[in-house]
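Colleague: I have a new model open and have not looked at it before. Can you walk me through it?

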Amino acid sequence: MIVLNLSCSNSHSFEGWFASLEEFQRQAVAQQVTCPHCNDVNITKLPAGSHVRRAVMEKSAVPASISDEAKVLAALEQLLNNSDNVGASFPEEARKIHYEETPARNIHGTASVAEVRSLLEEDIGVIPLPLRPRKGMH
Ligand SMILES: [Zn+2]
């Protein structure tokens, strides 16, 4: 018996067991080999080893959720690097920028939940970040 990696015209791949390669070819020509997924009779033999390659590729693929999380963290990192750390005076600085008392710039810092809420009530755009402020900047 031999095992062949087969594919139908709808790109379903499956394994077929045959007495020999000649027996597969005879049955394929006679349209006696059917796809188990869609009963297609246009069956082609895949090169040996394609199963193995596909399995390896699927294993090394990074799950979407993890790569998305990494992207978000990278974006936050960039945001922090391109903004001034004003520390605890963040609410005050955010107000100054909003009311155009100081040139507009990106800032980040710390604020209490109450402070963030009152900033939002004044229509000042703040984004709470799930990161601890870093010390030693500016
Ligand atoms: Zn099929």
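Colleague: Which residue in β2 does Val3 stand opposite?

Modeller: Trp17 is the residue in β2 that stands opposite Val3. Keep in mind that this is a predicted model.

Colleague: And what is the bridge partner of Asn5 in β2?

Modeller: That is Glu15. Strand β1, residues 2-7, is joined to β2 by six bridges, and the two strands run antiparallel.

Colleague: How many residues lie between β1 and β2 in the hairpin?

Modeller: Five. Ser11 is in that turn, and its phi is positive, about 65°.

Colleague: What is the order of the strands in the open sheet?

Modeller: The order is β2-β1-β3, three strands with antiparallel pairing. β2 (13-18) and β3 (44-45) are the edge strands, as each of them pairs on one side only.

Colleague: Which strands does helix α1 touch?

Modeller: Helix α1, residues 21-29, packs on the sheet and touches β1, β2 and β3. The direction of α1 makes about 115° with that of β2.

Colleague: Changing topic to helix α4. Which of its residues are buried?

Modeller: In α4, which covers residues 90-98, the buried ones are Phe90, Pro91 and Ala94. They are on the same side of α4, because they cover an arc of only 95° around the axis.

Colleague: Leaving aside neighbours within four places in sequence, which residues is Phe90 in contact with?

Modeller: Phe90 is in contact with Ile107, Gly109, Thr110 and Ala111, once those neighbours are left aside.

Colleague: What separates the C-alpha atoms of Phe90 and Val116?

Modeller: They are separated by 9.6 Å, with the two residues 26 apart along the chain.

Colleague: Last one. Which residue with a positive phi follows α4?

Modeller: Glu100 follows α4, and its phi is positive, near 55°.

Methods: Residues numbered from 1 in each chain as written. Predicted model: local features only at pLDDT ≥ 70, side-chain atom pairs only at ≥ 80, totals over all residues. Buried ≥ 20, exposed ≤ 12 C-beta atoms within 10 Å, placed from the backbone. Helix = DSSP H or I, 4+ residues; strand = E, 2+ residues; numbered from the N terminus. Arc of directions from axis to C-beta. Pairing = 2+ DSSP bridges. Contact = placed C-beta atoms within 7 Å. Axes fitted to C-alpha atoms, helices over the stretch in contact; angles between N-to-C directions.
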